[in-house]
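Reader: I have a sequence and a model to read, and some of the words used for such things are new to me. Could we go through the terms one by one?

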Number of protein chains: 2
Amino acid sequence: MRWCRFQDGERARYGVIEGDTVIGVDGEPWGAYTRTGSAHPLASTKLLVPVIPPTFYAAGLNYREHVTEVAKTQGIEPAFPPHADVGYRANNALIADGEEIVIPRDATELVQYEGELVAVFERQCRRVSEAEALDHVFGYTIGNDVSERTWQRDDRTFFRSKNTDTFKPMGPWIETDLDPAALGVTIRLSGREVGHYRVADAIFSLQQFISRASQYVTFYPGDVLWMGTDGATENMHDGDVVEIEIPGIGVLRNPVVKER
Amino acid sequence: MRWCRFQDGERARYGVIEGDTVIGVDGEPWGAYTRTGSAHPLASTKLLVPVIPPTFYAAGLNYREHVTEVAKTQGIEPAFPPHADVGYRANNALIADGEEIVIPRDATELVQYEGELVAVFERQCRRVSEAEALDHVFGYTIGNDVSERTWQRDDRTFFRSKNTDTFKPMGPWIETDLDPAALGVTIRLSGREVGHYRVADAIFSLQQFISRASQYVTFYPGDVLWMGTDGATENMHDGDVVEIEIPGIGVLRNPVVKER
């Protein structure tokens, strides 16, 4: 099943996508919901960020080549994380498919994409085993963990480097019936393929992250967990379009503009 | 004005506290709201966390003695932050006044309180000057940034050390008409005063944090910013009660239990 969140007049509403049509629902995908009579053509519907998470989790460093490449840009030795320790991003930075990534005036050239698989939680859970972990996942969407590498080196908290407004494109929708380990991620910058990796090559699996974190924290419906990216990443420039494609989900496409 | 969030039958509702009475409202304190006819005795009302923030900001290291003392517990040199760089905490960890702080079974002895002033945002704002910063603050409440110091040293992301479930007591309510720089914070552990400091002694003021962060991030109504703590902190044990008092706001009181 394919779920979206869309602008329905004055309000945001969840919807089911069937073919080229969005069918509005009352309620939430992971709760009690009812289909309304309203149907909208997908092509002319304004899609929103598919969920505003209560808590926005991110795996951070989770692929070997990426850890090595980022360390290079920062002039430090690569350090692989010893545990599946979940980190955080911030809701202010979220934008939807199609919306502009705005590079701040004072950013350096090193503003880069990171294409990622995103898991969306279905129900409240705590102390989950690895075997049961995926039972608590509602579905999957796509994220672009935009990062300013110069700030990333110096910011103690990543507030600018990772959480500047517009630095967290997420969407276009949530797909429910997928095996995450079978997925691949392709990244294109203005039409040119600049990265491809297999989700299964992660240092820690989604199951390992969920199980370890849930020994200490409760996950809630609508929480998201971004799974990290692999490979070297390139700078994005004013006028670029960045696309993250995960076959089985779709394409997250965002234009890039430099703030004047 | 004193605002709370409380359990009203099956639902959470905002309310105004007048003397010993809670008057329920429809809507949100920072939006359009209307007073309902319902009045509840404060003493028998179950207060909830006064707001679930869209984004949960925290100043982190913001008082000189605290920075020095925490560095001591971690065997490192104290490093004072060069900028008012805002950090993050996570909503899963929030508990209300009166609820139990649960020390995990596998935590070390070094589980400590941090009594803090908390600012709650009133309206959406970006690129705010220091002079205008407080115009965007709705009011103030109290936070206890409970921290497991052994994990704090080793966790790359603070997910366990700072964001374990129940590690973020916040409340009991929000007070709107205060000058933050005039406030003092007193911390008591099972009745014994273990800390006292003046908010004005912070390395960076609330105005500096809001202004700097807002050059990059948009704040939204209901976002919270925890301002950090001063002084050495002590371990909390099973059976303790920790109280954070800020005259003008009130007392945030939470019992401590060790998980069996």
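Reader: What is the bridge partner of B:Gly184 in strand 15 of chain B?

Author: The partner of B:Gly184 is B:Arg198. This is a predicted model, in which local features need pLDDT of at least 70, side-chain atom pairs count only at pLDDT 80 or more, and totals for chains, interfaces and linings use all residues. Residues are numbered from 1 along each chain as its sequence is written, with chains lettered from A and ligands numbered from 1 in the order in which they are written.

Reader: What makes strand 14 and strand 15 of chain B a pair?

Author: Two strands pair if DSSP finds at least two bridges between them. Strand 14 (residues 184-189) and strand 15 (residues 192-198) of chain B are joined by six bridges, so they pair, and they run antiparallel. Strands here are DSSP runs (E, at least two residues), numbered from the N terminus. Two residues lie between the strands in this hairpin, where B:Ser190 has a positive phi near 50 degrees.

Reader: Why is the relation of chain A to chain B called a two-fold axis?

Author: Chain A is superposed on chain B by a rotation of 180 degrees with 0.0 Å of shift along the axis, at an RMSD of 0.0 Å. That is therefore the relation of a two-fold axis. In chain A, the residue whose C-alpha comes closest to the axis is A:Pro54, at 3.5 Å.

Reader: How many residues of chain A are in contact with chain B?

Author: On chain A, 25 residues are in contact with 25 residues of chain B. Contact requires C-beta atoms, placed from the backbone, within 7 Å. The chain A side has 11 nonpolar, nine polar and five charged residues. Nonpolar covers Ala, Val, Leu, Ile, Met, Phe, Trp, Tyr, Cys and Pro; charged covers Asp, Glu, Lys and Arg; the others, Gly among them, are polar.

Reader: Which domains does the assignment give for chain A?

Author: Domain 1 is 1-48 and domain 2 is 49-258, with bounds from an automatic or database domain assignment. Their C-alpha centres lie 24 Å apart. Across the boundary, 11 residues of domain 1 of chain A are in contact with 18 residues of domain 2 of chain A. Strand 1 (residues 2-8) of chain A gives the most to the domain 1 side, with four residues.

Key
Contact = placed C-beta atoms within 7 Å. Least-squares fit on C-alpha atoms with pLDDT ≥ 70 in both.
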